[in-house]
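The sequence and structure are shown first, and the description follows.

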Amino acid sequence: MTTELLIAFLASTAGAATPLVVASMGELVTERSGVLNLGMEGMMLVGAVVGFGVTLSTGQMSLGLLAAMLAGMAMALIFGFLVLTLQTNQVATGLALTLFGIGLSAYLGRGLAGQTVTPMPHLEFPVLSQLPFVGPLLFRFDAMVYASLVLVLLVAYVLARTRLGLLIRAVGESPQAAHAIGYPVIGLRYGTVLFGGALAGLGGAYLSLALTPMWVEGMTAGRGWIALAQVVFATWKPRGVVVGAYLFGGVTVLQFHGQGMGLAIPAEFLSMLPYLATIVVLMIICRNPQTILLNKPVSLGQNFKPD
C-alpha cells in the first residue's frame, strides 16, 4: 500500500467511525442508568432523514443537525414514556421503536431520494493542515470528527468525576437504593434516554450530511445495531467505544479499498466484513462471562416503579 492509499484509508476510517462514536456514546450513557434502548437503528434513521430534509429546505446545516437531535429526542421520548411511565418491556419496546423508525423515515423521505446537499466542510488549520502525512491525518476533517472525540472525553469525565455521573451510575446499579435516599430515579432515566436519543439523531444526520450527503432509505445499514454491540464491546467504558468504532470504521473502509484494488474476493464477502468482525469481537469478549458481569450495570433492562 502506497503512502497516499494509507493516508486515504486512515482518513476515511475516521469519517466512517464518527457516527458510531456519537450514537454509541448516547447509548452508553443510557445503559449506565439501567435502561436498554434497542431502538437505536430507528432513531438514527429518523435523525438522518429529518437532518437532511431540514438542511435541504433551509440551506443551513446547523439547523439540520439541531432538527436531527430534536427528532432523535422525540423518538426517545416515546420510548421513555412507554418504558419508564407505562413500565413496558424494554426489549420489546426498543424493537418496536426500531420498526417504527424504519417505517417513519421511509415515509418522511419519499420526496427526498436522489437529491443532494453540500457536504459538511472540512476544517483547515493554518500550517498544520499542510504538514506532510500528519496534516491530512489529523488536521483535515470536518468539525464532527473532532467533536465526537471531545464528546468521549466529556462523557468519560462526567461519569467518572462528577456528582451527576455518580448518580447515573448509582441508578444503574441499584435504583431501589437511589430512590430510598431521595434521588429521582425516573427523572434521571428520562434525562439519559433523551440524551441518547439526541446523539442517535445526530449520528444519523452525520451519515446523510457528511459521510454520504444524500438521503437513501435504510442508509444506516445496521449501524444502530453495531452501536449497541459496541457498548458491550467497550464493557460500558467510553474509551472502549472509540476503539470499537474505529475498528468497525476501518473494516468498513477496507471493503471499498479492497474492491478498488481489484482483490479477487467476492464483493458480497467484502460487504459483510464489518459485521463479521463485530460478531467475532463479541464472541471473543463473551468467552469470559466475568468480563461482562463485572462491568454491566446491575439493573440494565430492568424496570423500576417508585413506591
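Thr 235 is buried, with a relative accessible area of 14%; buried means under 20% relative accessible area, exposed over 50%, and partly exposed in between, for a 1.4 Å probe and protein chains only. The model is a predicted one, in which local features need pLDDT of at least 70 and side-chain atom pairs count only at pLDDT 80 or more, while totals for chains, interfaces and linings use all residues. Residues are numbered from 1 along each chain as its sequence is written, and side-chain values use heavy atoms, with hydrogens and water left out.

**Two residues with positive phi**

Thr 235 lies in the loop between helix H10 (223-233) and helix H11 (238-260). Helices (H or I, at least four residues) are DSSP runs, numbered from the N terminus. Phi of Thr 235 is near 50°, a positive value in a residue other than glycine. Most residues other than glycine have a negative phi. Val 127 also has a positive phi, near 70°, and is placed in the loop between H4 and helix H5 (134-138). Is Val 127 buried or exposed? Val 127 is exposed, with a relative accessible area of 63%.

H10, which Thr 235 follows, is mostly covered, with nine of its 11 residues buried. Among the buried residues of H10 are Arg 223, Gln 230 and Phe 233. In the contact between the two helices, Met 40, Glu 41 and Met 44 of H2 meet Arg 223, Gly 224, Trp 225, Ala 227 and Leu 228 of H10; contact means heavy atoms within 4.5 Å. By class, this contact has five nonpolar, one polar and two charged residues. Here Ala, Val, Leu, Ile, Met, Phe, Trp, Tyr, Cys and Pro count as nonpolar, Asp, Glu, Lys and Arg as charged, and the others, Gly among them, as polar.

**Helix pairs compared**

Axes are lines fitted to C-alpha atoms, for helices over the stretch in contact, and angles run from 0 to 180 degrees between N-to-C directions.

| Helix pair | Axis distance | Crossing angle |
|---|---|---|
| H2 (residues 40-58) and H4 (residues 90-108) | within 7 Å | roughly 20° |
| H3 (residues 61-85) and H4 | 10 Å | about 150° |
| H2 and H10 | within 7 Å | roughly 130° |

Angles under 35 degrees count as roughly parallel, over 145 as roughly antiparallel, 65 to 115 as roughly perpendicular and the rest as oblique. With axes crossing at roughly 20°, H2 is roughly parallel to H4. The angle of about 150° between H3 and H4 makes H3 roughly antiparallel to H4. H2 and H10 are oblique to each other.

A crossing is left-handed if the near helix is turned anticlockwise from the far one by less than a right angle, and right-handed if clockwise. H2 passes H4 in a left-handed crossing, whereas H3 passes H4 in a right-handed crossing and H2 passes H10 in a right-handed crossing.

Residues of H2 that meet H4 include Met 43, Val 46 and Val 50, and their partners in H4 include Leu 97, Gly 101 and Leu 108. The residues of this contact of H2 with H4 divide into 10 nonpolar, four polar and one charged. On the other pair, Met 75, Ile 78, Phe 79, Leu 82 and Val 83 of H3 contact H4 residues, including Leu 97, Phe 100 and Leu 104. The contact of H3 with H4 divides into eight nonpolar, four polar and no charged residues.

A nonpolar core is a set of buried Ala, Val, Leu, Ile, Met, Phe, Trp, Tyr and Cys residues joined through side-chain atoms within 4.5 Å. Which residues have the most contacts inside the largest nonpolar core? They are Met 25 and Trp 215, in a core of 76 residues. Helix H9 (residues 185-211) gives the most to this core, with 13 residues. Leaving aside its neighbours within four places in sequence, Met 25 is in contact with Leu 151, Val 152, Val 155, Phe 195, Leu 199, Pro 238 and Val 241.

Gly 201 is also placed in H9 and is buried at 0% relative accessibility. Beyond its neighbours within four places in sequence, Gly 201 contacts Met 43, Gly 47, Ala 48, Ala 68 and Gly 72. Gly 201 and Glu 41 are 160 residues apart in sequence, yet 9.7 Å apart in space, C-alpha to C-alpha.
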